[in-house]
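The following paragraphs guide a new reader through a protein model, beginning with the overall picture and ending with one part of its surface.

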Amino acid sequence: MIKYLISKNGFQEIKQYSDDVWVNVITPSRKDLTILENEFGVPTSFLNDIEDIDERPRVEYEDDWRMIIIRVPYKLKEEGDFFGTVPLGILTSGEKFITICHHNVEMIDDLIYFSRRKSFPQKNSNDLILHLMLSSSVWFMKYLKRLNAEIKDAEMQLQKSIRNEELLEMMRIERTLVLFITSLRGNELLLGKIKSMLPKTQKPFDEDLLEDVEIEVQQARITAGVYSDILAGMMDAFAAVISNNVNVIMKRLTSFSIVLMFPTLVASYFGMNLQREDDIWTGEFSIVIAASILVSIVGVWFFRKKRWM
């Protein structure tokens with residue numbers, strides 16, 4: 001889907017392309033890609049690179065076009081997963097400014113809504129690139145907070161669980177954190193290249209905005225690293241806890257089995273050696289029953305004293 005956005009007190013959608021328009025392309029169809037290639041002159045190699053979900057953050061030039069790829073977070077739809085990262089392509093050539101993403105990410109709509117709420121003045125391409133990187137970092141932080149809540153929930157479940165489901169869930173969270181850290185490191189290196197490029201461009205840029213982007217990217221990367229380290233230590237600790245829970249349960253079951261074995265052993269030994277008179281058990285039967293109960297009580301007392309039950 002291709003949308004044309006113009007910066008007037010925030011980004012407003014218009015029906016036709018004109019100068020100083022942000023061309024926002026989300027989940028493009030083959031027809032949309034053909035329009036970008038034929039009508040706007042976007043190089044085919046750039047379109048192919050942006051479509052690759054594993055594309056790394058970088059800056060590349062071809063003819064009079066410049067392509068900047070950043071990694072942005074998005075929510076996975078597959079059941080059992082949490083969040084992932086995808087490439088967002090930023091293409092500039094003269095007055096043309098185009099963004100392309102093959103996934104429906106929340107940060108684009110949020111940036112548009114935020115610009116309207118704050119009544120953004122007109123933005124040039126440099127400032128818009130910085131705003132996109134800032135919005136990406138902000139959404140990384142939002143998703144990291146959700147992951148932290150998932151970690152705490154899994155921690156509560158693990159304290160009373162002997163199953164593997166909670167550990168598997170934490171492994172999925174750890175996988176997401178690794179993806180976040182890798183993407184944020186790439187964005188941070190890319191920001192360094194953009195920072196060195198901006199003074200050489202003819203268009204002005206907001207230095208305070210650049211500083212905000214640097215802080216947010218660094219904070220998101222450090223936060224993701226801290227959560228990853230905490231999660232790794234937690235998984236090691238709770239793997240031992242789960243193993244200990246299993247050992248405790250097996251110890252109790254073994255103790256119960258031994259206690260139940262005592263009366264069975266006594267009855268098996270004496271059961272066929274008791275005499276009956278006129279279909280009435282003699283006093284020996286009562287002695288055997290009493291001995292079985294006594295031995296069981298002694299066994300229960302011994303195991304409880306040893307804290308095995």
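The protein contains 7 helices and 9 strands; helices (H or I, at least four residues) and strands (E, at least two) are DSSP runs, numbered from the N terminus. The model is predicted: local features need pLDDT of at least 70 and side-chain atom pairs count only at pLDDT 80 or more, while totals for chains, interfaces and linings use all residues. Residues are numbered from 1 along each chain as its sequence is written, and side-chain values use heavy atoms, with hydrogens and water left out.

Of the protein's 309 residues, 42% count as buried, where buried means under 20% relative accessible area, exposed over 50%, and partly exposed in between (1.4 Å probe, protein chains only). The accessible surface amounts to about 17,800 Å², and carbon and sulfur atoms supply 54% of that surface. Among contacts (heavy atoms within 4.5 Å) with a separation of 6 or more, 65% join residues 24 or more positions apart.

Attention may now turn to a single residue. Aspartate 212 belongs to helix H6, which spans residues 207-270.

Together with Asp206, Glu207, Asp208 and Glu211, Asp212 forms a negative surface patch. Such a patch is made of residues with over 30% relative accessible area and no salt bridge, like charges being joined within 9 Å; a salt bridge is a side-chain nitrogen of Lys or Arg within 4 Å of a carboxyl oxygen of Asp or Glu. Aspartate 212 is partly exposed, its relative accessible area being 38%.

Technical notes
Patch = residues over 30% accessible without salt bridge, like charges linked within 9 Å, V, L, I, M, F, W, Y side chains within 5 Å. Areas by Shrake-Rupley, 256 points an atom, 1.4 Å probe, with all protein chains shown as cover. Lys, Arg positive; Asp, Glu negative; His and termini not counted. Charge placed at Lys NZ, Arg CZ, Asp CG, Glu CD.
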